[in-house]
There are 2 protein chains.
Amino acid sequence: MTTGREQYIIGVDLGGTNIVAGALTLDGTKHLAMRSIPTNSAAGDEAVAERIVGLVEGVFLDAISETGATRHDFVGIGVGAPGPLDRERGIVLVAPNLGWKDFPLRDRIQGRLRLPTTLDNDANCATFGEWWQGSARGGRNVIGLTIGTGIGGGLILEGALFHGASDMAGEIGHTTIDLNGRHCKCGNYGCLEAYASGPAIATRAREVLVREESASMMPSMVGGKLDGITAQTVYDAAKAGDQVANEIVRDTARYLGAGIANLLNTFNPDTVVVAGGVTAAGDALFVPLRAEVRRRAFMPAVRAVRIVSGTLPGSAGVVGAVASFKQQHMGGV
Amino acid sequence: MTTGREQYIIGVDLGGTNIVAGALTLDGTKHLAMRSIPTNSAAGDEAVAERIVGLVEGVFLDAISETGATRHDFVGIGVGAPGPLDRERGIVLVAPNLGWKDFPLRDRIQGRLRLPTTLDNDANCATFGEWWQGSARGGRNVIGLTIGTGIGGGLILEGALFHGASDMAGEIGHTTIDLNGRHCKCGNYGCLEAYASGPAIATRAREVLVREESASMMPSMVGGKLDGITAQTVYDAAKAGDQVANEIVRDTARYLGAGIANLLNTFNPDTVVVAGGVTAAGDALFVPLRAEVRRRAFMPAVRAVRIVSGTLPGSAGVVGAVASFKQQHMGGV
């Protein structure tokens, strides 16, 4: 059915705090009606599903009024959600941040909006989005890390999103970099996430400030209450030249560099894209990170890769959810 | 050209100590004329290439006399060699165990034997062989570890051998499991290989025996000369009930378990195949190894995987070199 009219796919990125949605043209180049609402996860799974439906209805109306499209010009909906999940059955198996267990999100949305709908992992979608329309464009074997409250990951291998045997591939935040290291909330010890997630960065900063007398500006930035220190406090202080904060950022780079070097020696990717709040530290992060990767990985793998910052903050998940819909329903992106 | 006659591919596995070769039917089910000679790497790259040519000529003759085939029934030669290498150009870039640098092995063999020839990494081939004809059969996403002097690895993703951007994928032995850990001969710290390779197992045994007075039988097994302890000494002593040796095997399982758990959380494979001398320890290794993986990896990834011992000792590399020829020249295995 080629009508000559432009067609659209809706992307939805469901997070613990916000839901973001928007419409993309099939080729991904035009982004329309991007909008965001709070998740309100306390209201429960069914209520959140209804919020998604309402948000998507709003995207339809906006996109239609922006373009003159009709409802028939929308071919489907791609949804990115926290995992683990079962793509084939469209079920979110466990989502601690949402308080969900075995929730059939895909069918709820498909049933209400009467459009083909797909489900995929949110970190997979973020990586897929950066590959399709962002800084990882042109890559064939791409690894994405999204660093926030946790560290999510996604793998694109031979140009397709890789899911593994049970949709669990890409849990890069939960790879061990120190066998006997810090306890991680996943139960394991020494996970990358226990060192380099936003909360882990803040924890390491507080530990240093409690332990050492220093001239750091960080305590005064939070009114003397060390509990108020977040990763953002560290990036801001580092940018202002604070030595302690810069050391924390360098350590973060070292941990991330070790984790990324493991991925280079295992996957030999052409592109690694790092996204999330931590990239706000800019060169203060990326320069020592690349140096650590060079130190730890094999040279032919180092030479083959570019390590870049994500360029679609806020929308990578939506763009990637659309790409995932295309991969699952239209045979490729 | 379907003549109705059986066709054959030759596989070659070039190691630092021995060269193994044999002929397989296209479907891989019949293995013919398997034979092995010493590598004699001291003679230099050209001389080793000639030894391979001579070995393959012998395989031709044997296979022909066994089957009544003619030279025209052989469609090509697959070679597995230590890496890093450049598959497309057929060049071994660096092989420390052979003393090679930038040696065009594929064209040397192809030029002399006048049959299409392919080159691939030896650890990739070993994994591919176990997948095609051994214990990893039926898997779609398979990770192989071959534990000997080093720890080699291979990845089969969506049913095809995965090489990465520059043929470096699968260097699992050189993934960091302890950021500040043992120095590895690759220059990095805390690599899996620095803990769980054959020589690393022997080193850890010697360290314990030097440090602690114990009732271990290992010193007497090597005439009191601790330098004589090898990984095999440890497996033999463990089998005989030696406590110290069993502790070394359990630690090995712990290190390998951490490395494999990282692979589960990253790739979510359906099969992990462990091959090489270390598997001689049997359940003493595999029981605690599986337990460590369960402790460290996510349950949906643990449930999706089987962790098995290789079943083609000695021939996995040859079988996999044939499979790699098929993938590169015949569009699939």
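In which loop is the place of P84(B)?

1. **Basis of the note.** This is a predicted model, in which local features need pLDDT of at least 70 and side-chain atom pairs count only at pLDDT 80 or more, while totals for chains, interfaces and linings use all residues. Residues are numbered from 1 along each chain as its sequence is written, and chains are lettered from A and ligands numbered from 1 in the order in which they are written.

2. **Cis peptide bonds.** P84(B) is placed in the loop between β4 (74-81) and β5 (85-86) of chain B. Helices (H or I, at least four residues) and strands (E, at least two) are DSSP runs, numbered from the N terminus. The peptide bond joining G83(B) and P84(B) is cis, with omega about 0 degrees. In chain A, a cis peptide bond likewise joins G83(A) and P84(A), with omega about 0 degrees. Most residues other than glycine have a negative phi, and most peptide bonds are trans.

3. **Positive phi values.** E158(B) has a phi near 50 degrees, a positive value in a residue other than glycine, and belongs to the loop between β10 and β11 of chain B. Phi of N268(B) is near 55 degrees, also positive; this residue is found in the loop between α8 and β12 (271-276) of chain B. A residue is buried if 20 or more other C-beta atoms lie within 10 Å of its own, exposed if 12 or fewer, and partly exposed in between, with C-beta atoms placed from the backbone.

4. **The open sheet of chain B.** Five strands form an open sheet with mixed pairing, in the order β11-β10-β9-β12-β13. Two strands pair if DSSP finds at least two bridges between them. β11 (160-161) and β13 (306-309) of chain B stand at the edges with a single partner strand each, so one side of each has no neighbour in the sheet. β10 (residues 151-157) and β11 of chain B run antiparallel and are joined by 2 bridges; L157(B) stands opposite A160(B).

5. **Helix α5 of chain B.** This helix (residues 198-211) has 14 residues and reaches 20 Å from its first C-alpha to its last, close to the 20 Å expected at 1.5 Å a residue. The expected span is 1.5 Å times one less than the number of residues. Its buried residues include G198(B), I201(B) and R204(B). Among the elements that cover the buried residues of α5(B) are β9 (142-147), α7 and α8 of chain B.

6. **Contact of α7 with α8 in chain B.** V234(B), A237(B) and A238(B) in α7(B) meet A245(B), N246(B), I248(B) and V249(B) in α8(B). Two residues are in contact if their C-beta atoms, placed from the backbone, lie within 7 Å.

7. **Helix α8 of chain A.** Of the 25 residues of α8(A), 20 are buried, so this helix is largely enclosed by the rest of the structure. Just after α8(A), N268(A) takes a positive phi of about 55 degrees.

8. **Contact between the chains.** Chain B and chain A each give 34 residues to the contact. On the side of chain B that touches chain A, α8 (243-267) and α10 (299-304) of chain B each supply at least two residues.
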